Amino acid sequence: AGACGAVQYSQHAQQRHDARLLGTAVHRAGSPDGGPAKPLWRLHEAVEVMSAAYCGSLAIEYKHLQQQDEMAWIEQRFEGRRPLSDSQRRQVLRWLLAAHGFEQFLSRKFPASKRFGLEGCEALLPGLLALIETGAEQGLRKVEVAAAHRGRLSLLVNLLGKPLGALCSEMEGKQSDFRVGDVKYHLGQTGVVRVGPELRQVTVSIAPNPSHLEFVGPVVLGMVRAQQTSLLRRKAVDSREAAWARVLPLQIHGDAAFAGLGVVMESLQLAHLPGFSVGGSVHVIINNQIGFTTLPRHGRSSPHPSDVLKVIGAPILHANADDPEAVVAAMQLAADWRARWHKDIVVDIVGYRRNGHNELDDPRVTLPLTYQLIQQHPTVLDIYAKKLQGEGVVSGAELARWHSSWGEAAEAQWAAAGRGEFKMSAAQFLVSTWQGDALMSAPGAGEGDPRQEPTGLPLTTLQRVGNAICKVPEGFNSHPEVSHAAGGWRCTAARALKHYSGSRKCSRSCS
């Protein structure tokens, strides 16, 4: 925006330039074939159009592309993007309401649980719907998702249709008496998403992902490659390009992990190899501009977490998370690029993280000034709702009705979970999850006695480790909350060790 602010000229100069028509490559929306709406432009018209395209809340990096035809295509597509209709904007608002309401609901019901919420980047949800809808118009039938922890629960419920009551049962540990499984933000899910006026069906699967950050990416690439190869072998499609169009790998990253982990670069280098290509991945970065407690200037040398994509010639779109229409436009362009060129592209959603790394962390300990600003910042739902109300697209009464309807449905799911309607039997668990397959293949499982090898340690070792990790170094001026927490951890460890060694009393002061 600063560069555009430097384009200044006097009224006299503007009149002089207006008299001279310019031939230009500006692509104003409205031309049936996507080309220029008119062949000649006045200077001030070109400045207005280019400012509208490039000086808003959606930015693009593409000059690193190697092919001239790709550069020309994406210039034309970026400059010629069309605004959303009022009905589409209302739908975006409703998706934002669902994303916001979901996080607020879990915050009220489970204030002491980790969930890695999406607050600060809620525009991801309507953006993904736009990506799937645009892809479906071009033949997309299956999306395999490699998802980060952050926002996973929202996607499972709001995108894939997992019952909110089932998630509540999992968070309470009441989903089954069969006490096996993973934490809820590691789990996967498959659902059918219906998009567009024609309600086209697209199957979307989020792969299970334990705490290994980006390692699920190459796993999903392999899954997609296998499905595309199967389509060809079964002659369900007649070309590799048609198989690429049918199955899409969608990789959702955290900003710090994407910039910092080597497996990301290793996977990117497979993108154009004949034996590994999947026709391009769509990468989405949930960029909350912090990695746990590390600011970008201390965590990477590049300006943006997306810069590693430049090595394979992928366009990079930066969208402001407080402008959901910019996020939607970026996702639509990403789907079009992948369908046209069968190459990777990234959408960098630049937002923030309203809570700590997880909801049990207090970010004010390490970033007090940053979180003072964040606490004062309105949510994207408030910003967008106020905008649409001001433009007469939605009324306050409608918005209140949508809020009420969503809240009533959520409370009904909560009540159903309380009645045990989502509780699974051991048999249901075993046939519904990959963990069941693993358990049944364990030694002794055939006789109904699956076992695990012992993994314990001597109490003296645990005591030494527990004391060491809870001790504040001498001379270190720690935050009062950190000192208090460390003392509590030492007391907890001491009580546990006394308990297992036969003594129930803690010899330390826990005050």
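Let's start with His-342, which is partly exposed, with a relative accessible area of 23%. Keep in mind that this is a predicted model we're looking at. If you want to find His-342, go to the loop between α14, residues 324-341, and β10, residues 345-350.

Okay, staying with α9 for a moment. That helix runs over residues 216-233, and Gln-228 is part of it. Gln-228 counts as buried, because its relative accessibility is 0%. So what is Gln-228 touching, once we leave aside its neighbours within four places in sequence? The list is Arg-240, Ala-243, Trp-244, Val-247, Ser-277, Val-278 and Arg-338.

Now over to a pair of helices, α6, residues 124-136, and α7, residues 152-159. Their axes come within 11 Å and cross at roughly 55°. That makes α6 oblique to α7. As for handedness, α6 passes α7 in a right-handed crossing. Who makes the contact? On the α6 side we have Leu-124, Leu-125, Leu-128, Leu-129 and Ile-132, and on the α7 side Leu-155, Asn-158 and Leu-159. Sort the residues in that contact by class and you get 7 nonpolar, 1 polar and no charged.

One more helix, α3, residues 43-54. It has 12 residues and reaches 16 Å from its first C-alpha to its last, close to the 16 Å expected at 1.5 Å a residue. Which residues of α3 are buried? Those are His-44, Glu-45, Ala-46, Val-49 and Ala-53.

Last, let's zoom out to the protein chain as a whole. How many helices and strands does it have? There are 21 helices and 10 strands. The chain has 511 residues, and 43% of them count as buried. And if you take the contacts between residues at least 6 apart in sequence, 73% of those join residues at least 24 apart.

Key. Residues are numbered from 1 along each chain as its sequence is written. This is a predicted model: local features need pLDDT of at least 70, side-chain atom pairs count only at pLDDT 80 or more; totals for chains, interfaces and linings use all residues. Side-chain values use heavy atoms; hydrogens and water are left out. Axes are lines fitted to C-alpha atoms, for helices over the stretch in contact, and angles run from 0 to 180 degrees between N-to-C directions. Helices (H or I, at least four residues) and strands (E, at least two) are DSSP runs, numbered from the N terminus. Angles under 35 degrees count as roughly parallel, over 145 as roughly antiparallel, 65 to 115 as roughly perpendicular and the rest as oblique. A crossing is left-handed if the near helix is turned anticlockwise from the far one by less than a right angle, and right-handed if clockwise. Contact means heavy atoms within 4.5 Å. Ala, Val, Leu, Ile, Met, Phe, Trp, Tyr, Cys and Pro count as nonpolar, Asp, Glu, Lys and Arg as charged, and the others, Gly among them, as polar. The expected span of a helix is 1.5 Å times one less than its number of residues. Buried means under 20% relative accessible area, exposed over 50%, partly exposed in between (1.4 Å probe, protein chains only).
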